[in-house]
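Here is a friendly tour of one protein chain, from its overall make-up to a few side chains. Please have the model open as you read.

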Amino acid sequence: ATTVRRDSLLVVRVRLTGGEFGNPRARVDAMHAVRARVRTLPGVAAETLSSAGAWLGIGPRDRVIVECGECFRAYMYMPYDAPVMAHFTIMPGFFDVLGIALEDGRAVEPVDEEGTKHVALVNLPLASRHFEDEKPIGRHARPYGFLTPPHRIVGVAPAITASVLGASSWLDFAMYFSMLQYP
């Protein structure tokens, strides 16, 4: 598992408490404002924001329906699987700031914002165990169930153990969503 250990990494926890954040657009604007403010601090070379566990309407750790392709469980064909995983929302640049190289695909980008087609990244243990040929890119996941919009999987991250994710131990399965799509 990848462990983030960098002397130059400063982790700051931000809690939004104002009533004005009941509006998703206001939350997105607040996230951009926080990043802009942090970017101006002396000595800051790069910045990003992430959640320490995204609720996404079902909890920070819950089942997500994934399109696994030609998956087989107990010798039975299953086009979908529903593993329990941790959920995180991240801003563009998250993996770059931590110095973590993706295993495959791309990271969350500025274009992955509210109103665009939903995207997600999975971690390597999830990709290896719950997708045909260990290839999740281009497949879909549904964090709320079959009646919700699909999230196209665009990247695979390594297994991460990092206090910046709010996790003190290695996560079996994790999925990362764009904070701009889930403010």
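## Elements and basis

Helices (H or I, at least four residues) and strands (E, at least two) are DSSP runs, numbered from the N terminus. This is a predicted model, in which local features need pLDDT of at least 70 and side-chain atom pairs count only at pLDDT 80 or more, while totals for chains, interfaces and linings use all residues. Residues are numbered from 1 along each chain as its sequence is written, and side-chain values use heavy atoms, with hydrogens and water left out.

The chain has three helices and eleven strands. Read from the N terminus, their order is β-α-β-β-β-β-α-β-β-α-β-β-β-β.

## Surface and contacts

The chain has 183 residues, and 42% of them count as buried (buried means under 20% relative accessible area, exposed over 50%, partly exposed in between, with a 1.4 Å probe and protein chains only). Its accessible surface is about 10100 Å², with 53% belonging to carbon and sulfur atoms; these areas come from the Shrake-Rupley method with a 1.4 Å probe, and for residues only the protein chains shown count as cover.

Contact means heavy atoms within 4.5 Å. Among contacts in the chain with a separation of 6 or more, 70% are between residues 24 or more positions apart.

## Around Glu 47

Glu 47 lies in the loop between α1 and β2 (61-63). Is Glu 47 buried or exposed? Glu 47 counts as buried because its relative accessibility is 12%. Not counting residues up to four places away in sequence, Glu 47 touches Arg 35, Val 38, Arg 39 and Val 97.

A salt bridge is a side-chain nitrogen of Lys or Arg within 4 Å of a carboxyl oxygen of Asp or Glu; by this rule the count is six. One of them pairs Glu 47 with Arg 35 (2.6 Å, N to O). This pair links distant parts of the chain, with Glu 47 in the loop between α1 and β2 and Arg 35 in helix α1, twelve residues apart. Arg 35 is also buried, at 12% relative accessibility. Glu 47 meets Arg 39 in a salt bridge as well (3.0 Å, N to O), and Arg 39 is partly exposed at 45%.

## Another salt bridge

The side chains of Arg 139 and Glu 132 also form a salt bridge (2.8 Å, N to O). Arg 139 is buried, at 19% relative accessibility, whereas Glu 132 is partly exposed, at 22%.
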